[in-house]
Amino acid sequence: MFSCRCSRWRLRQFVVASSLIFLVACAQKPTAADALPMPPTRPALPVPIAVGPIGVDTPVQPTQSFAEWQAGFRQQALQSGVPAALFDRAFMGVSPDMAVIKADRSQPEFSRPVWEYLDGAISPTRVHRGQGLLGQNADTLRDIEARYGVEPRVLVAVWGMESSFGQFQGDKSVIRSLATLAYEGRRPDFAQSQLLAALQILQNGDIQPEAMLGSWAGAMGQTQFIPTTYNTHAVDFDGDGRRDIWNSSADALASTAHYLQSSGWKHGQPWGFEVKLAEGFDYALADGTLRKPVREWLRMGMTLPASAPVASDVQELSAALLLPAGHRGPAFLVLDNFRAILKYNNSSSYGLGVGLLADRFVGGGYINGSWPKDERPLSRSERIELQALLSAQNHDAGTPDGIIGANTRKAIRSAQQSLGWPADGYPTQKLLESLRSR
């Protein structure tokens with residue numbers, strides 16, 4: 001018995017220690033909501049960062065100097081049609097930015113719970129400011145809606161989430177940040193493709209090198225486009241001859257509408273709505289890959305907390321059940337427009353933030369269900385340990401990387417079912433302790 005306990009203890013210690021050396025890929029960009037202060041009742045926690053599989057996006061150990069790398073990249077850029085004079089101007093005085101490297105390699109141990117994230121995303125100040133901007137930009141937003149079929153309140157919600165309506169766009173040189181990441185970041189090929197796209201933006205004359213500012217990861221402008229997305233979806237809506245998502249709110253909002261339209265946004269359809277689940281509901285159905293018409297979900301005993309009717313045409317739409325905090329928290333049916341939002345930023349918390357903020361502008365967006373605030377979310381080390389223990393006990397969670405993705409949720413459901421618990425796929429301290437004790 002003592003030997004068994006020691007083995008389990010060593011496994012836990014190994015898994016936790018491993019988290020300190022696993023350096024994996026960032027898959028989602030931070031938004032303005034992430035920069036808001038935490039409530040004063042507890043210390044500030046870093047925002048969740050989605051990461052890629054271990055071994056795929058590991059740090060680059062440069063085998064050449066930055067000057068040598070720059071010379072090689074210069075040849076590639078010139079072969080792609082970038083003028084030599086433009087390249088040399090853009091790279092004048094550029095050197096690796098250690099702050100970018102630090103941000104790229106940081107792995108936050110703790111994540112902000114969804115309810116705290118939404119508190120910042122849908123703060124009264126942001127709602128009030130957004131409502132004012134809806135009125136101030138009514139004519140422009142109406143014209144954008146006519147061209148791209150995206151409702152004004154949705155665009156303003158994205159604007160608020162991404163940069164707090166243009167107030168926090170990032171102050172780093174996009175060229176320097178992307179050059180740093182291409183030289184020794186975790187995804188050099190991706191960064192290099194973005195850097196080439198950034199040079200093409202400069203070549204088109206939309207912005208000058210010194211004014212091309214953004215986040216440490218290279219996201220730019222009032223609605224935070226990466227350069228390749230800018231090249232495919234940015235538009236000159238104000239007619240001044242430049243696609244200026246930094247200084248023109250019309251260009252930024254229209255570019256966002258163009259992207260959402262391309263991502264499958266359906267005008268006039270909701271993103272989703274909150275539901276109350278019937279007693280004894282099979283929580284294993286809360287699987288993002290499982291979609292049913294709304295009418296079928298409602299036939300399973302779901303009800304709307306505010307008794308608001310769901311239009312007959314909406315009942316025919318395809319929806320998935322989302323339990324952002326497990327079976328103890330609120331439940332939502334999310335439709336195709338929610339998936340369009342996720343293509344902008346692949347985070348369910350972000351998707352809820354945009355949808356609820358857009359609804360709040362017109363008097364909705366209030367959540368009736370209660371969040372399980374007594375439940376401490378797992379840290380990154382604990383998520384890695386949970387994945388390792390799941391796999392060790394024949395619930396395949398894939399590579400232990402700290403990401404609670406589809407494979408891990410499936411493994412969690414399997415473990416929960418074996419324990420006779422609600423199989424909601426949500427990672428908890430209770431489940432971790434149960435796996436440790438086995």
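This is a predicted model: local features need pLDDT of at least 70, side-chain atom pairs count only at pLDDT 80 or more; totals for chains, interfaces and linings use all residues.
Which residues do ring pairs link into a cluster?

**View 1. Ring pairs join six named residues into a cluster: F66, W69, F73, F87, F91 and Y183.** A search of the whole structure finds 16 aromatic pairs. One of them is made by W69 and F73, and is described in the next view.

**View 2. W69 and F73 form a stacked aromatic pair.** The ring centres are 5.4 Å apart, with 5° between the planes. Both residues belong to helix 2 (residues 66-79), where a spacing of four residues puts about one helical turn between W69 and F73. W69 is buried, at a relative accessible area of 8%. F73 is also buried, with 3% relative accessibility.

**View 3. F73 and F87 form a tilted aromatic pair.** Here the distance is 5.9 Å centre to centre, and the angle between the planes is 45°. F73 lies in helix 2 and F87 in helix 3 (residues 84-90), so this pair ties together parts 14 residues apart in sequence. F87 has a relative accessible area of 0% and is buried.

**View 4. The charged end of R360 sits over the ring of Y366.** The distance from the charged end of R360 to the centre of the Y366 ring is 3.9 Å.

**View 5. K430 lies over the face of W421.** The distance from K430 to the ring centre of W421 is 4.5 Å.

Note on methods: Residues are numbered from 1 along each chain as its sequence is written. Side-chain values use heavy atoms; hydrogens and water are left out. Rings of Phe, Tyr and Trp (its six-membered ring) pair if their centres lie within 6.5 Å; planes under 30 degrees apart count as stacked, over 60 as edge-to-face and the rest as tilted. Helices (H or I, at least four residues) and strands (E, at least two) are DSSP runs, numbered from the N terminus. Buried means under 20% relative accessible area, exposed over 50%, partly exposed in between (1.4 Å probe, protein chains only). A charge sits over a ring if NZ of Lys or CZ of Arg is within 6 Å of the ring centre and within 35 degrees of the ring normal.
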